[in-house]
Amino acid sequence: MMTPEKDIATVQGTMEILHKFSLRPRRSLGQNFLVDPFTREKIIAAASLTREDTVLEIGPGIGALTQALARTAGQVIAVEIDRRLADVLRALFDGVDNVEILQADILKMDLGAFSRARGLTHFKVTANLPYYITTPVLMRLLESTLPLTGLTLMVQREVAERLTASPDGNYGAISVMAQYYADIRIAAMVPPHCFYPKPNVDSAVLTLVKTEKNRALVSNENILRQCVKAAFGKRRKTLVNCLAEQPWLGCSKGEITQILVQCGFDARIRGEALPLCAFITLANALNESAK
Ligand code: SAM
C-alpha cells in the first residue's frame, strides 16, 4: 500500500498540486483545503481509527485528510462532488489500494444502499466538511439507521458550540436533536490560517458517537422532533404559546399549561430553557395526552 509521497496537508504540498493541475479553489463548494499537518493529526487521533475501520470521507478536496486516513484506516471511500478534484484524487492516489474515490454529491447519495451494496457492517465518517452543507449532512447521518460507529467532523466553530451547548449557552433546536442522537465533544479548535484559502471563520473538530440511550426513553420520536422545532420557532414566546399554535398537537393553551405543570415545569417557561431530558419528558406527556 502506498500513499502520495509528498505531504498534501502543508502550504507547499497544496500549492504544488493546485499549480500542477491548474486548479483554483471554488468558494461556492466550500473549498478551503487543510494545510496544517498538526491539525490533521488531531483529526486522526480524535477519529480513533484502526485497520479494521472503513471510513467514509466527505469532501476529500485534494486529499490532505485522505492521505492520513489511508495510512491509518483499513479502507477509505472518499466522496467528492467536484469532478476536477475527483480526477486529481484518482491521479494522486493511483495504486493506493485502500482508497476509492467516488464523484458524487453526498446529499444525493443513498447511503443505506451504499453501505448495503458494500456489505458494510460498520463504518466511520471523517470529514473536513464544506460548511454550507454541515447541518443537512449531520442531521441525515444522525437520524439514519446506518451502521455508523463514529463521526469526526471539522465544522464552523459556532456550529460546534451550538451542537454542544446547554440551555445557558448558544442553545437551539439543533443542539437538542443532535445531543438526542449522539454524545458530542469538541476535540480541537482550528484557526483560519490552517486552511488555504483562509476562511472568514474559526473552525473546530467535533467527535460524535451515536447513542441509543435517549431514543430508548422516547415513546414517539416524531412528537419530540415537532415539539423541539415548535419550542425554538418563536423564541420570544413562552412554550405554552408556541405549542398552542401547533395544528399537529391540537391542544388548547389550558390543556398545554396543565401538561407542563404535571411535568413539573413552570407554565411561563420558554423552550430555550429546557434541557434535552425535559424535552423528552414533555414529548412523552404530549404523546400520552394525544391517546
Ligand atoms: N478534505 C479536504 C481538506 O481537508 O483539505 C477538503 C475540505 S473542503 C472544506 C470541502 C470539500 O467538500 C471540497 O473539496 C468540496 O468540493 C467538497 N464538497 C462540497 N460539497 C459537497 C457535496 N455536496 N458532496 C461531496 N463533496 C462536497
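Helices (H or I, at least four residues) and strands (E, at least two) are DSSP runs, numbered from the N terminus. With that in hand, hello everyone, and let me show you around. This is a predicted model, where local features need pLDDT of at least 70 and side-chain atom pairs count only at pLDDT 80 or more, while totals for chains, interfaces and linings use all residues. Residues are numbered from 1 along each chain as its sequence is written, and side-chain values use heavy atoms, with hydrogens and water left out.

Let's start at helix α9, residues 221-233, where we find Glu221. What does the side chain of Glu221 make a polar contact with? One partner is the side chain of Tyr180, at 2.8 Å, and another is the side chain of Arg215, at 2.9 Å. By polar contact I mean a pair of N or O atoms within 3.5 Å; within protein, one must be able to donate a hydrogen and the other to accept it, and residues adjacent in sequence count only if both atoms are side-chain atoms. If we set aside neighbours within four places in sequence, Glu221 is in contact (heavy atoms within 4.5 Å) with Tyr180, Tyr181 and Arg215.

Now, please turn to the ligand. There are 23 residues around the ligand, and Leu34, Gly59, Glu80, Asp105 and Asn128 come nearest; here a residue counts as near if one of its heavy atoms lies within 4 Å. Strands β1 (33-34) and β3 (75-80) each give at least two residues to this shell. The shell divides into 14 nonpolar, 6 polar and 3 charged residues.

Looking at the backbone, a polar atom of Leu34 is 2.8 Å from an oxygen atom of the ligand. Pro60 has a backbone N or O atom 3.4 Å from a ligand nitrogen atom. How much does the ligand expose when taken alone? The answer is 600 Å², and the protein buries 99% of that, using the Shrake-Rupley method with a 1.4 Å probe.

Next, over to strand β4, residues 99-103, which holds Leu102. Beyond four places in sequence, the contacts of Leu102 include Ile77, Val79, Glu80 and Phe114. Leu102 and Gln262 are 160 residues apart in sequence and 53 Å apart in space, C-alpha to C-alpha.

Two backbone details to finish. The peptide bond from Tyr196 to Pro197 is cis, with omega near -15°, and Pro197 lies in the loop between β8 (195-196) and β9 (203-210). Ser22, although not a glycine, has a positive phi of about 50°; look for Ser22 in the loop between α1 (11-20) and β1.

Key. Ala, Val, Leu, Ile, Met, Phe, Trp, Tyr, Cys and Pro count as nonpolar, Asp, Glu, Lys and Arg as charged, and the others, Gly among them, as polar.
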